[in-house]
Amino acid sequence: MTTSTTASVSTHILDTSVGRPAAEVAVRLAARGGRDADWQALGGSATDADGRCRDLPQLPEGTTHVRLDFAVERYFEKSAKKQADTQQDAPANRDGGPAVFFPEVAITFAVVPGEHYHVPLLLNPFGYSVYRGS
């Protein structure tokens with residue numbers, strides 16, 4: 001629940017290489033109260049079958065910056081063979097390289113009290129995009 005003294009955060013992940021939600025991706029949440037303050041790890045969650053984290057920890061009062069860390073490497077390791085089989089010209093099949101170029105995605109953003117921040121991650125093995133959703 002968001003109050004006038006705190007912000008709240010939610011996220012979801014869509015794997016754009018297959019057009020489906022990315023399930024079972026570990027997500028860690030950290031916060032700090034000012035740009036020179038140390039990061040405080042708040043805990044984490046994992047995406048569900050819809051690619052959503054429904055139980056991220058609440059932000060402490062005074063939070064000004066938030067960091068979401070997405071551990072995507074294991075997700076792509078699990079799905080690389082399946083994707084390569086359905087996409088015969090997939091890069092993993094062509095060059096024998098790693099299944100994922102970015103093993104982790106860290107997103108840092110500023111928040112203000114009383115606001116909700118939904119931060120979707122659009123993901124594929126070789127790139128990603130984020131935005132402030134609603």
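In this predicted model, the side chains of His-118 and Ser-10 are joined by a polar contact of 2.6 Å, where a polar contact is a pair of N or O atoms within 3.5 Å, of which, within protein, one must be able to donate a hydrogen and the other to accept it, and residues adjacent in sequence count only if both atoms are side-chain atoms. A second polar contact links the side chains of Ser-8 and His-116, at 2.6 Å.

| Side-chain pair | Polar contact |
|---|---|
| His-118 and Ser-10 | 2.6 Å |
| Ser-8 and His-116 | 2.6 Å |

His-118 belongs to strand 8 (residues 116-118), and Ser-8 to strand 1 (residues 8-15); strands (E, at least two residues) and helices (H or I, at least four) are DSSP runs numbered from the N terminus. His-118 counts as buried because its relative accessibility is 8%, and Ser-8, with a relative accessible area of 16%, is buried as well; buried means under 20% relative accessible area, with a 1.4 Å probe and protein chains only. Leaving aside residues up to four places away in sequence, His-118 touches several residues, including Thr-11, His-12, Arg-52 and Tyr-131, contact meaning heavy atoms within 4.5 Å.

The chain as a whole has two helices and 10 strands, and 37% of its 134 residues count as buried. Among contacts between residues at least 6 apart in sequence, 68% join residues at least 24 apart.

Residues are numbered from 1 along each chain as its sequence is written, and side-chain values use heavy atoms, with hydrogens and water left out. Because the model is predicted, local features need pLDDT of at least 70 and side-chain atom pairs count only at pLDDT 80 or more, while totals for chains, interfaces and linings use all residues.

Methods
Buried means under 20% relative accessible area, exposed over 50%, partly exposed in between (1.4 Å probe, protein chains only).
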